[in-house]
Amino acid sequence: MHPETSVHSEPSDPAGTVMRMGQIGFDAATTLLARHGLQLQRVAPGEPIPGSYWGDEEAGIIGNTVHARADTPVHSLLHEACHLIVLPAERRLDVHTDATDSIEEEDATCYLQIVLADELPGVGRVRLMADMDAWGYSFRLGSTRAWFEQDAGEAREFLRARGLI
């Protein structure tokens with residue numbers, strides 16, 4: 001089954017708790033995204049983030065490019081990047097701001113962002129799942145970790161079938 005995701009739903013204080021791109025730097029994320037055929041475009045402080053669905057400091061996507069600032073949450077960068085990664089390459093170029101309406105692709109995106117967090121030094125899946133919870137991602141089992149460990153079988157199979165995990 002799919003997670004009920006409602007990202008950025010006024011959590012208690014996400015700004016003070018979630019890890020930001022400025023804390024980890026952009027180099028490792030740039031390398032990670034490049035391995036998946038994506039580019040990371042750094043946005044200057046205070047400038048609007050192109051292709052951001054949620055606005056504010058949330059990452060944006062346009063074509064094969066993920067846009068982020070130093071204040072962008074790491075989970076947001078990974079989430080938007082994973083939206084592009086789960087899409088077939090021929091669909092990526094048409095993406096601007098909103099990647100999908102597919103429940104299967106959204107589930108796979110959430111799962112893959114957790115897996116890829118292990119490839120970013122200083123982040124890892126445990127921290128990313130905690131940040132997702134703090135930010136307000138909502139899963140029917142009550143937490144990101146419970147969903148990932150107990151209810152994400154369809155997302156795993158989606159990713160396996162496409163050679164992404």
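Select Q113 in helix α6 (residues 103-117); helices here are DSSP runs of H or I with at least four residues, strands are E runs of at least two, and both are numbered from the N terminus. This is a predicted model, where local features need pLDDT of at least 70, side-chain atom pairs count only at pLDDT 80 or more, and totals for chains, interfaces and linings use all residues. Residues are numbered from 1 along each chain as its sequence is written, and side-chain values use heavy atoms, leaving out hydrogens and water.

Q113 is buried, at 0% relative accessible area (buried is under 20%, exposed over 50%, partly exposed in between; 1.4 Å probe, protein chains only). Show its neighbours. Beyond four places in sequence, Q113 touches H75, L78, H79, C82, L128, M132 and Y137 (contact: heavy atoms within 4.5 Å). Pick out H79: its side chain makes a polar contact with that of Q113 at 2.5 Å. Such a contact is a pair of N or O atoms within 3.5 Å; within protein, one must be able to donate a hydrogen and the other to accept it, and residues adjacent in sequence count only if both atoms are side-chain atoms.

Next, the sheet. Three strands form an open sheet, ordered β1-β3-β2, with mixed pairing (strands pair if DSSP finds at least two bridges between them). β1 (39-42) and β2 (60-62) are the edge strands. Select β3 (residues 65-68): 3 bridges join it to β2, antiparallel. One partner pair is G60 and H67.

Finish at D151, in the loop between α8 (144-150) and α9 (153-161). D151 counts as buried because its relative accessibility is 14%. Its side chain makes a polar contact with the R140 side chain at 2.9 Å.
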